[in-house]
Amino acid sequence: MKGTERPSEALQTALRPLHPPPPGGAGGAAQPSPGSPVALRLHRAGSASATVRLTSVTDHLSSPDQRARHWENVHEGSSPDAVSWYQPEPVVSLELLDVLGVAPESAVIDIGGGASVLVDRLLARGFTDVTVLDISDAALRAGRQRVGSDPRVTWITEDLLSWEPARHYDLWHDRAAFHFLSGTEVDMYRNVLLRAVAPGGSVIMAAFAPDGPERCSGLPVTRYSADELGAVLESSFQVVEHRREVHTTPAGAAQPFTWIAARRSSPRHRRRA
Ligand SMILES: C[S@@+](CC[C@H](N)C(=O)[O-])C[C@H]1O[C@@H](n2cnc3c(N)ncnc32)[C@H](O)[C@@H]1O
């Protein structure tokens, strides 16, 4: 969808399948029956609606190809400010950044950052080393077009599960990417995180809360309490703060999130412990 084609309110459900939502749902996407295809109906101002058919989403996307195709279709089929996870300001992310005392000279990576404006806000705060990683090139294109060419930002199109970090980061930030993973993928995620986060570095993670939606973007998610999210990290991490946030989607639905902010001990501290 091009910049001038503003989506209608109807598109605010961009990632909601066409099936009717369950009564009394927590604002999550509707749940198609297993095996049924998921389609998104997009309404453009002044034009007929178009239906974008995603991969035939049955359940969890286990193959890297399926995952990449799904997310590329999602991002190509909607404008960044119409998706259910859109937030005009990354308020909790920035608050937790302050809680952790992450300084502007720190290297930050936004995992599954999509087209989020977190990168813009970090640059405005004087950060000079920001990386945004996402499986979808379309998502990163949208971010790049908004931010412009900026030597302070590195854009990486990769599936985080197969990504081999070539360096350390002082802050790993993930809002709403981790909760799509399940089973051994959680271990793969942890292994990548452990390789990427510098000793003494920090992690901010947000996932749907236990009373949050069961699905997002046509996919099942795992919902987490703060204890459960903290347990994903290794024992060298200490959760220093957790939050509950009720995100309001562009369509007005309430989506409870669990946030944690954790710090990794440096080897020196670990020896003392
Ligand atoms: C719900 S969106 C959240 C986007 C962004 N973090 C935000 O808060 O606006 C999830 C993002 O994770 C990305 N993603 C999903 N699976 C991924 C994977 N395996 N590797 C990298 N990115 C992934 C998607 O393309 C999407 O941009």
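A residue is called buried here if 20 or more other C-beta atoms lie within 10 Å of its own, exposed if 12 or fewer, and partly exposed in between. The structure in these views is a predicted model.

Figure 1. For the protein chain as a whole, 41% of the 273 residues count as buried. The secondary structure of this chain comes to 7 helices and 11 strands. Among contacts between residues at least 6 apart in sequence, 67% join residues at least 24 apart.

**Figure 2. The open sheet of 7 strands.** The strand order is S5-S4-S3-S6-S7-S11-S10, and the pairing is mixed. Strand S5 (153-157) and strand S10 (237-248) are the edge strands; each has a single partner strand, so one side of each is left without a neighbour in the sheet. On average, neighbouring strands of this sheet are turned by 15° against each other, with direction ignored.

Figure 3. S10 and S11 run antiparallel and are joined by 11 bridges. Val239 stands opposite Ala262 in S11. The two strands form a hairpin with 5 residues between them, and Gly252 in the turn has a positive phi of about 95°. S11 also pairs with S7, in the antiparallel sense and over 7 bridges. In this pairing, Ser202 stands opposite Arg263 in S11.

**Figure 4. Strand S3 and its two partners.** Strand S3 spans residues 108-111. S3 is covered on both faces: Val108 and Asp110 on one side, and Ile109 and Ile111 on the other, are all buried. S3 runs parallel to S4, to which 4 bridges join it. The bridge partner of Ile111 in S4 is Leu133. S3 and S6 also pair in the parallel sense, over 3 bridges. Here Asp110 has His173 in S6 as its bridge partner.

Figure 5. Strand S4 (residues 130-134) and S5 run parallel and are joined by 5 bridges. Thr131 has Thr154 in S5 as its bridge partner. Helix H4 (residues 137-147) lies across S4 and S5, and runs at about 165° to S5. Helix H3 (residues 118-124) makes a right-handed β-α-β unit together with S3 and S4.

**Figure 6. Helix H5 on the sheet.** Helix H5 is formed by residues 184-196 and lies across S3, strand S6 (169-175) and strand S7 (197-208). H5 runs at about 145° to S7.

**Figure 7. The surroundings of Arg175.** Arg175 is found in strand S6. Arg175 has 26 C-beta neighbours inside 10 Å and therefore counts as buried, given that the cut-off is 20 or more. Leaving aside neighbours within four places in sequence, Arg175 is in contact with Ser93 and Ala206. Trp85 is 90 residues away from Arg175 along the chain, and their C-alpha atoms are separated by 9.2 Å.

**Figure 8. The loop residue Tyr86.** Tyr86 is placed in the loop between helix H1 (64-76) and helix H2 (91-100). Within 10 Å of Tyr86 there are 19 other C-beta atoms, so Tyr86 is partly exposed. When neighbours within four places in sequence are left aside, Tyr86 is in contact with Pro80, Asp81 and Pro250. The C-alpha atoms of Tyr86 and Ser116 are separated by 7.4 Å, and the two residues are 30 apart along the chain.

**Figure 9. The shell around the ligand.** There are 19 residues around the ligand, of which Trp71, Gly112, Gly114, Ser116 and Ile135 come nearest. By class, this shell has 10 nonpolar, 5 polar and 4 charged residues.

Technical notes
Residues numbered from 1 in each chain as written. Predicted model: local features only at pLDDT ≥ 70, side-chain atom pairs only at ≥ 80, totals over all residues. Near = placed C-beta within 6 Å. Nonpolar A, V, L, I, M, F, W, Y, C, P; charged D, E, K, R; others polar. Pairing = 2+ DSSP bridges. Axes fitted to C-alpha atoms, helices over the stretch in contact; angles between N-to-C directions. Contact = placed C-beta atoms within 7 Å. Right-handed = clockwise from strand over helix to strand, strands pointing away.
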